[in-house]
Number of protein chains: 2
Amino acid sequence: MAPIRAAEIVAVGTELLTPFRADTNSLWLTARLNEIGIEVRRKTVAGDHVGDLAAIVSEARERSDLLVTTGGLGPTADDVTRDAVARALGRELVLDEAVLAAIRERFERRGMRMPEVNRRQALVPAGAVALPNAVGTAPGLWIESGDRACVLLPGPPRELQPMYDAHVASRLRDRAGERHVRRRVIALTGQPESKVDEIAQPIYAGFAGEPVPIATTVLASPGRIELHLWASGTDAGALDRALESGVSRLLPALGRAVYSTDGRSLEEVVADRLLSRGLWLAVAESCTGGRVLGGLTDVPGSSAWLRGGVVAYDNAVKIDVLGVAPDLLRAHGAVSEPVAAAMARGVRERLRADVAIAVTGIAGPTGGTPDKPVGTVVIAVDGIAASARTFRFAGDRSMVRQFSVAASLDLVRRVLD
Amino acid sequence: MAPIRAAEIVAVGTELLTPFRADTNSLWLTARLNEIGIEVRRKTVAGDHVGDLAAIVSEARERSDLLVTTGGLGPTADDVTRDAVARALGRELVLDEAVLAAIRERFERRGMRMPEVNRRQALVPAGAVALPNAVGTAPGLWIESGDRACVLLPGPPRELQPMYDAHVASRLRDRAGERHVRRRVIALTGQPESKVDEIAQPIYAGFAGEPVPIATTVLASPGRIELHLWASGTDAGALDRALESGVSRLLPALGRAVYSTDGRSLEEVVADRLLSRGLWLAVAESCTGGRVLGGLTDVPGSSAWLRGGVVAYDNAVKIDVLGVAPDLLRAHGAVSEPVAAAMARGVRERLRADVAIAVTGIAGPTGGTPDKPVGTVVIAVDGIAASARTFRFAGDRSMVRQFSVAASLDLVRRVLD
C-alpha cells in the first residue's frame, strides 16, 4: 500500500463559522501528524449541513491520502458528520451493537437511562472501526478504503486528544512509512520583526535549495519573534544535522537577542537560570498589572525561584508597600528611571529576593503627556546588577503591555547571563 | 443585481498549515460581514501553491456570492494569490501603473529605491480595482464578475483591518441589501457547561422554529460560559425584539450565575460596580500568580478603582507583606479558609482598599495531598462583606488557574451586587 503522506483536516460545526470560535484542534493535530511525517495540505471549516459536508469529504478524499474530521459526532440532529461521510463514501449507515452497548452502559454507570437520541451515535458507515471515547459518548471512527484512510474525531479537545493518542497514532504510524518532519525554533526578543527578517533573510534564503531543503517561517507576537526551521525526509539524523547547521549559521548574526533554540519560552529560560544559580526573584509591576507575574507563574514549579510580587497600580502602594520615597515620585513622576529603580529595590528587599524587576509605564489609552506619550515604559532591575531603561513601545494598550512583559523578562535574562 | 448573502473566506499561507499559527483574520472578518447580514458558509486554509489555490477560488466562486482571500499578496515568489485568482477567473495579470507609482513612492519617502521584486505587487487581474494599503506595500483588490464579488486582502491584521474598514465595508454594504445579523450574549460563571445546557436547552429548543428564528450556541472556557443567540433578517427592530424576548426567557432559569447580557466581560462588570459605588479594590494572589490582577488591569481606566495587589507566592510574603500570622499558616496550611481570609484582610488594609479578594490554592502539577488534592482552591473576600469558600477545580494547571480567576471575580461581583 502507498504510504500516507498528505492529510486534510475538516473541522465541522456552525459555531466555527461565527466570529467567536476558531478551529484550534487542527493545530494540535498538525503537530501530531507532522511528527510522523504527514503534512497537512489543506484545512476546511464547514457548518452542520450534511450536503455541504458530504461534498467536502468527497473532494478531500480524491486529493489526499488522509482525511481527518473533527466535530459533528454528537447525538443531535445537528451532528451530521457520520451521515455526510457515509454519503461521500457511498456506504450505508449501520447500527454497531457494540458501540450502542458501550453508550448505554456509560449512562447506566451514572444511574441514568440512555436517551433515545443517543442511538444515533451508534450508527456507523459500513466497514468503519469504532474508536472508544474514554471521556464522552461519541465514539470516533476509522475508515479505510483502498490506500486511503478517513478518521472521524469528536470536537471537544479533551475527548479528541486522548482518542488520537490511544487509537489513531499507532494506526497512522503503520501507514505513514518511515518519514519524519523535524523542526527547530530560534526564539528572540528586543528586535522588531522587520529587523530580524533583514538580518536572517540573506542567510536562510538559500536553505530551501540545499541537499536537505529547509523551510523557514517567522512568527511574531509583540516582543517575541520565532524563526521556525523545518525539514522532512526519511533520515531523521540527516534532518537533525541539516537543521543544526541552519541554526548555527543564523545564531551569530542574531546575537544576544536569541533566548532559546530548544522551544523554551522566555519565562522558562528565566526560570532555568534562576534555578541553576539558586536565586530568588521578585517583581514590582505597575502598567503590566500582573502580566509579568502571571507569565512566570504559568511555569510549573515556579514556587522554587519566585517569591512573588507587588502590583503597585496606585502611587500610594508604591510608597506604602514598596517604600518608594514620595519626593522621588514628586520630582520625577511615577514613570521614570529613579522610581522604577526604587520599586525594584523595594520589592527585592521587602520580599527578600536576590534579584527583582520593576515595570512602570503608560499603557494607554489615556495617561500620555507630550513628554511621556502612551507607550513610554521604564523597566529596572535590582540585585546582581542595578540598571533602568526607558522604552517607547508602539501599539494599543494590549500590545504595549505585551512588549513590556517581554522586555522585563529579557532584562532579567541578560542580567542572569 | 442579486444581493450578496453568503461568503467564503480563504486564508492563504503555508505557515497557516503548521501547528503554530491559526487563521484569526477570518474571525474578525466574520464579525464585520455578519454586521451587514452576510453569513460565512465555509472557510479554507490553503498553502502557497498557485494550482491548489486557483482550484479553491474557482470552486468557491461557484458556490458563494462573495469570496474573501487573506494573505499571499506580498512581493515574493511565495505570494501567489494574485496569480491564482487571475487564473481562476480566466483574466490576465496586467501592470497597474498607479499601483506601481504608489509602491515606488512609498519606498522613496523612506529614502529607498523600490526593489525590483515589488513590481509583482502592481500586477492585478484585468478589471480589478486596487484598494490602497495605508500601512504596507501590498494593495488589496476588489474584483466583480456578474453578481459576484471577490476581495483580496493582505494577511497582516494591521494592514487588513484598516483596508477593510476604509475600502471594502461600504462596497459590500451597497451590495448586501438591507439585511442584518443581530446577536446577544448571555455570559455566566460558576456552573459547569453541562448544567447550563441542561437548564437552557429546554427553553431555547423552540427558538429556531419561532416566527423570527433564533440560532443558539454555547461557548465555554474554564469558568466562563457564553450563550450566544442570533437572528438574521431585514427588519433590525424585529430581530432585536425577538432576541430580547429570547434573553428574557432564559434569564430567570439561569439566575445569579449570569454576569452580563451586553457583551461585558466579568472584569468589566466588576469594574463598573466598583466605579459606580466609588470603591477601591485590592487583590492578594497565590496560586493564580497575577492572573486575577492581569485580567483586571486589561480593562482601560482600571487605575480609577484598583489600588493594586500582592502576589504572595512564598509563605514569607504572606507573613511579611500581608501580615498573615505564622501561627495561622502552621495551624491550617497556606491553602485554608482562615489563611485566605487573613490574606484578604491584609491586602485590603495595607493597600487601603475598600474591598479585597484573596486566592490561595494548589494549581498543580505537584503540591497536592490526599487532604488537599491538586485543584483545591480557597477564595476569600474582605470589606463590604467577609467570607471564604473552598473549591475543587478539575483539569490541569492552566485550567485550575482559569477557574480560580473566574471564581474570584465572581465572588467580588456577588458581594458588590
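Which residue in strand 12 of chain A does Ala187(A) stand opposite? I looked this up in the model, which is a predicted one, and found that Ala187(A) faces Ser260(A) there.

**Entry on strand 9.** I then followed strand 9 of chain A to its partners, and noted that strand 9 and strand 12 (residues 258-260) of chain A run antiparallel and are joined by 2 bridges. Strand 9 (residues 180-188) of chain A is also joined to strand 11 (residues 224-233) of chain A, again antiparallel, by 9 bridges.

**Entry on domains.** I looked up the domain assignment of chain A, which gives domain 1 as 6-176, domain 2 as 180-260 and domain 3 as 267-415. For domain 1 and domain 3 of chain A I noted a separation of 47 Å between their C-alpha centres.

**Entry on helix 1.** In helix 1 of chain A I listed the buried residues, which are Asn25(A), Ser26(A), Leu29(A), Thr30(A), Leu33(A) and Asn34(A). Viewed down the axis of helix 1 of chain A, these buried residues fall within an arc of 155°, and therefore line one face of the helix. I next asked what they pack against, and found strand 1 (6-12), strand 2, strand 3 (66-70), helix 5 (157-176) and strand 9 of chain A.

**Entry on the two chains.** I superposed chain A on chain B, which takes a rotation of 180° with 0.1 Å of shift along its axis and leaves an RMSD of 0.1 Å. That is the relation of a two-fold axis.

Turning to the interface, I found 49 residues of chain A in contact with 49 residues of chain B. On the side of chain A that touches chain B, at least two residues each come from helix 1 (25-35), strand 2 (39-46), strand 10 (215-221), helix 9 (291-296), strand 14 (306-312) and helix 10 (315-320) of chain A. By class, the residues of that side of chain A divide into 22 nonpolar, 15 polar and 12 charged. I also noted that 100% of the interface residues of chain A are interface residues in chain B as well, so the copies meet through the same surface.

Last, I looked at strand 2 of chain A, which pairs with strand 2 (residues 39-46) of chain B in the antiparallel sense over 5 bridges. In strand 2 of chain B, Arg42(B) is the residue that Ala46(A) stands opposite.

Note on methods. Residues are numbered from 1 along each chain as its sequence is written. Chains are lettered from A and ligands numbered from 1 in the order in which they are written. This is a predicted model: local features need pLDDT of at least 70, side-chain atom pairs count only at pLDDT 80 or more; totals for chains, interfaces and linings use all residues. Two strands pair if DSSP finds at least two bridges between them. Helices (H or I, at least four residues) and strands (E, at least two) are DSSP runs, numbered from the N terminus. Copies are superposed by least squares on the C-alpha atoms of residues with pLDDT of at least 70 in both. Two residues are in contact if their C-beta atoms, placed from the backbone, lie within 7 Å. Ala, Val, Leu, Ile, Met, Phe, Trp, Tyr, Cys and Pro count as nonpolar, Asp, Glu, Lys and Arg as charged, and the others, Gly among them, as polar. Domain bounds come from an automatic or database domain assignment. A residue is buried if 20 or more other C-beta atoms lie within 10 Å of its own, exposed if 12 or fewer, and partly exposed in between; C-beta atoms are placed from the backbone. The arc is that of the directions from the helix axis to the C-beta atoms.
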